[in-house]
Amino acid sequence: MTAGTERCTLVEPSAEAPDARDVPTGAIWLLRDSWTEARRHLRAVPRSPELLVFATIQPIMFVVLFVYVFGGSITVAGYSSYEQYLLPGIFAQTVLFGSAYTGVGIAEDLSKGLVERLRSLPMYSSAVLIGRTISDVLRNVLTFVIMFVVAYIVGFRIEGTLFEAALATVLLFAFSYAFCWIQALIGLSVKSAEAANSAGFIWMFPLTFVSSAFVDTANMPGWLQPIADANPFTVVTNATRALYNGRSPGSDFWIAASWAVGITAVFAFLAVRRFMRAARH
Amino acid sequence: MFAVEAVGLTKRFGQIEALRGVDLSIPRARVLGLLGPNGAGKTTVVRILTTLLKPDSGRALVDGIDVAKESRRARGRIGLTGQYAAVDERLTGFENLEHVGRLFHLRGPMARERAHDLLGQFDLEDSGHRVVRGYSGGMRRRLDIAMSLIGRPSVLFLDEPTTGLDPRARLSMWALIEELARAGTTTLLTTQYLEEADRLADEIIVIDHGAVIARGTADELKRRVGGERLEVRMADSSELARVVELLAPLSCGDEVTDEAAASVAVPVRTVDGIVPDVVRMLDAAGLHVVDVGVRRVTLDDVFLTLTGHAAEDEAERERDSARSAAS
């Protein structure tokens, strides 16, 4: 500890008029606070490379397993190769799985008392959640880039225009962002990071497998088909698959986009409301 | 003008009345100690004053700002260090400080400058660029307090700042809080350690079961309980009742008996020549005295006298009930 005399600069009894320290308000500050929070998480990414490694190995494993193990036995009519059919589904599944980190991270911040500290700062409280979801999407972009390279190596090609491919990618991330908010609500509702991890993942397996991501839903049993077809994950997979293959996604694009916007609106509202309440008890 | 003023704060959690009308005020540049056992309502008071909780009734002002009505503005005037060191383990000490500075809406260079200064003042210069995961408990607490000072708060709230620290870290935390107080930081400190409040606080409020049961300086509180204590320890607790009876003429307040230790403490006005007298008297009565001594009153005695139970006992009970509720 340094000498007491230096300590005098530590807390200056407010010399300036009290109003000089008033808190700025407005949408721009909500965005700034959110970005400050996002930066907190992004700074941590290179320090836990193991997280990134796992987030990357899993989709690579899926690509390799499905393409080389099942690829020979699965044929999908109307596509030049199974890769062209499968990989958009793997992309969609990976960015969706990536959203689970949101819940885990929020549960962790809650259990460590970090949320309490943030709630006592003159920031916009909802920036805690917005910053978290933004950072998770950005991390997901990194995973996506790695996966895209692997996909290219195993033979996947963009068969449409670059614009169509970009549109497909944006749709994927809009969907992933929407699911971050579902995970945020889960993270706020459970008691620990471990619970958030299980609760966040378990329902994503049926969601992504009972879909058109890996196989044509027409080959599923009759009772399962309507469920698989109505699954929003099927819709988003179909739309991105069409775009990457240079086909018209038809109404799927707009239905998928509506799902993304709708889920974001509903779950962001629920999560922010729950966040305010959780912190007030 | 007071830095903090609270009037008639009440809060109920289901069946439990956590606060039943708490009033308090802190003049600028003073340290208020909020003293009470676990579950007395200390943290609830802190959470209301720091805008984390809305009171059911009552009103609280920080820097003249109503914490319930203008909570975000009020948060610009406070620094909070909770019971757990709320630091981001993945970041360095410097980054933690800078981050909070940014959330106080300091500009980038300003936030970095403040972060740098605070690291120096809190003896964390050497570890400032290390990730917090590797910090000791004491270092985390220091960083935590540094983080609550980055916005130059009008009031610093320290909620049980030494809970869970080893004795050495506790002593250095006390030195730190004393230095902050000397520099003129208005502070509200909660503690269940009577010794801590005695040493650090200008004024003490004793709170139990959600209500203020006493307030004053440490000396005033001690005076209320009587000047000094005569302590008698017997070979066997069965003789305590008889001892109390015999000492009654000397007593100037309520005695406190400790069955387990077979001892009794009696407040007395004067201790001059009392020890040999008492030994002779008890011996003459055929009682088995092990030890007779005098000591100055501590805040422990104050607490016992005011609440009828020991602070530590209650803390134990709270922990036990928390444990059985958890299992």
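Two strands count as paired if DSSP finds at least two bridges between them. The legends below describe views of a predicted model.

**View 1. Strands β7 and β8 of chain B pair in parallel.** Strand β7(B) covers residues 155–159 and strand β8(B) covers residues 186–191. The two strands are joined by 5 bridges. Within this pairing, Phe157(B) is placed opposite Leu188(B) of β8(B).

**View 2. An open sheet of 6 strands in chain B, with mixed pairing.** The strand order is β6-β7-β8-β3-β9-β10. The edge positions belong to β6(B) and β10(B), the latter formed by residues 211–216. Each of these has a single partner strand, so one side of each is left without a neighbour in the sheet. From one strand to the next, the twist averages 15°.

**View 3. Helices α1 and α5 of chain B against the sheet.** Helix α1(B), residues 42–49, packs on the sheet. This helix touches β3 (31–35), β7, β8 and β9 (203–208) of chain B. The direction of α1(B) makes about 150° with that of β8(B). Helix α5(B), residues 137–149, lies across β6(B) and β7(B). Relative to β6(B), helix α5(B) runs at about 165°.

**View 4. Packing of helices α3 and α4 in chain B.** The helices meet at an angle of about 135°, and their axes are 8 Å apart. Because of that angle, α3(B) is oblique to α4(B). The crossing of α3(B) past α4(B) is right-handed. From α3(B), the residues in the contact are Gly93(B), Phe94(B), Leu97(B), Glu98(B), Gly101(B) and Arg102(B). They meet Ala111(B), Arg112(B), Arg114(B), Ala115(B), Leu118(B) and Leu119(B) of α4(B). By class, the residues of this contact divide into 6 nonpolar, 2 polar and 4 charged.

View 5. Leu176(B) is 55 residues away from Gln121(B) along the chain. The C-alpha atoms of Gln121(B) and Leu176(B) are separated by 9.9 Å.

**View 6. The contact between chain A and chain B.** Chain B contributes 42 residues and chain A contributes 35 residues. On the side of chain B that touches chain A, the elements giving two or more residues are α2 (71–75), β6 (78–81), α3 (93–103), α4 (108–121) and α6 (167–182). The residues on this side of chain B comprise 17 nonpolar, 11 polar and 14 charged.

**View 7. Chain A, with 12 helices and 0 strands.** The C-alpha trace of chain A spans about 80 × 35 × 35 Å along its principal axes. Chain A has 281 residues, of which 42% count as buried. Of the contacts in chain A with a separation of 6 or more, 79% are between residues 24 or more positions apart.

**View 8. Chain B, with 12 helices and 14 strands.** Along its principal axes, the C-alpha trace of chain B spans about 80 × 45 × 45 Å. Chain B has 327 residues, and buried residues make up 46% of them. Among contacts in chain B between residues at least 6 apart in sequence, the share joining residues at least 24 apart is 68%.

How values were computed
Residues numbered from 1 in each chain as written. Chains lettered and ligands numbered in written order. Predicted model: local features only at pLDDT ≥ 70, side-chain atom pairs only at ≥ 80, totals over all residues. Contact = placed C-beta atoms within 7 Å. Helix = DSSP H or I, 4+ residues; strand = E, 2+ residues; numbered from the N terminus. Nonpolar A, V, L, I, M, F, W, Y, C, P; charged D, E, K, R; others polar. Buried ≥ 20, exposed ≤ 12 C-beta atoms within 10 Å, placed from the backbone. Axes fitted to C-alpha atoms, helices over the stretch in contact; angles between N-to-C directions. Parallel < 35°, antiparallel > 145°, perpendicular 65-115°, else oblique. Left-handed = near helix turned anticlockwise from the far one by under 90°.
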